[in-house]
Amino acid sequence: MPTFIDQPTIITAAGNKPKRIEEFCGRVNSKHDHISVARMVSPAGWQEPGQKPEFQEMTVVLQGLLRVEYEGGVLEVNAGQAIVTEPGEWIRYSTPNGAEYIAVCLPAFSPETVHRDADDI
């Protein structure tokens, strides 16, 4: 039988400004540890600490612009575009003008496996 998910769980986001994370599937809302799917609504000027996660992250930008810093430079991902980051790769996300996007993590996101920079933000 399919599992119906009536609504997401709101998760507290890291960063310098409040960002709304709506987890539909993942460790918190659906008890899945192999995948997480979340909708992010991020304000203009938001940025989070750099991180070196243990999971692959696939992000589809629905509205706005997601800036992704990595060790080799910066990518700007606009609405209708996507980015895939690999486990162990240093990255930092920000939304200079605000954005709405879907993030899929394999395995599921967890605070213990994201490995955020301690001295950042």
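**Notebook: burial, core and charge pairs in a predicted model**

*Entry 1. Overall dimensions*

I began with burial: 38% of the 121 residues of the protein chain count as buried, where buried means under 20% relative accessible area, exposed over 50% and partly exposed in between (1.4 Å probe, protein chains only). The model is predicted, so I note that local features need pLDDT of at least 70, that side-chain atom pairs count only at pLDDT 80 or more, and that totals for chains, interfaces and linings use all residues. Residues are numbered from 1 along each chain as its sequence is written, and side-chain values use heavy atoms, with hydrogens and water left out.

I then looked up the extent of the chain. The C-alpha trace spans about 45 × 25 × 25 Å along its principal axes. The radius of gyration of the protein chain is 14 Å, which agrees with the value near 14 Å for a compact globule with 121 residues; the radius is taken over C-alpha atoms, and the globule rule is 2.2 Å times the number of residues to the power 0.38. The accessible surface comes to about 6,600 Å², with 54% of it belonging to carbon and sulfur atoms (Shrake-Rupley method, 1.4 Å probe; for residues, only the protein chains shown count as cover).

*Entry 2. Elements and contacts*

I find one helix and nine strands in the protein chain, as DSSP runs numbered from the N terminus (helices H or I, at least four residues; strands E, at least two). From the N terminus on, the order is β-β-β-β-β-β-β-β-β-α.

For contacts (heavy atoms within 4.5 Å), I checked sequence separation. Among those with a separation of 6 or more, 67% join residues 24 or more positions apart.

*Entry 3. The largest nonpolar core*

Which residues touch the most other members of the largest nonpolar core? I list M40, V61, L66, V68, V77, Y93 and Y101, out of 14 residues in this core. The elements that give two or more residues to the core are β3 (36-42), β5 (56-70), β8 (91-95) and β9 (99-106). A nonpolar core is here a set of buried Ala, Val, Leu, Ile, Met, Phe, Trp, Tyr and Cys residues joined through side-chain atoms within 4.5 Å. In soluble globular proteins, nonpolar side chains tend to be buried together.

M40 is in strand β3 and is buried, with a relative accessible area of 9%. Leaving aside neighbours within four places in sequence, M40 is in contact with K19, R20, I21, A99, E100, Y101 and A103. The C-alpha atoms of M40 and E22 are 6.4 Å apart, while the two residues are 18 apart in sequence. With residues up to four places away not counted, V68 touches G73, V74, L75, V77, I83, I91, R92 and Y93.

I also looked up S94, which is in strand β8 and counts as buried at 6% relative accessibility. Beyond four places in sequence, S94 touches W46, Q47, L65, L66 and R67. S94 and P43 are 51 residues apart in sequence and 9.4 Å apart from C-alpha to C-alpha.

*Entry 4. Salt bridges*

How many salt bridges does a search of the whole structure find? I record six, each a side-chain nitrogen of Lys or Arg within 4 Å of a carboxyl oxygen of Asp or Glu. Side chains of opposite charge can pair when their charged atoms come close.

R116 and E48 meet at 3.1 Å, N to O. R116 lies in the segment after α1 (111-114) and E48 in the loop between β4 (46-47) and β5, so the pair ties together parts that are 68 residues apart in sequence. R116 is partly exposed at 30%, whereas E48 is buried at 5%.

E69 and R92 meet at 3.2 Å, N to O. This pair links strand β5, which holds E69, with strand β8, which holds R92, 23 residues apart. R92 is buried, with a relative accessible area of 15%.

For E76 and R67, the closest N and O atoms are 2.5 Å apart. E76 is partly exposed at 43%, and R67 is partly exposed at 27%. I also note a network of salt bridges that links R20, E22, R39 and E100.

*Entry 5. Cysteines*

My search of the whole structure for disulfides (cysteine sulfur atoms within 2.5 Å) finds zero. C105 counts as buried, at 4% relative accessibility.
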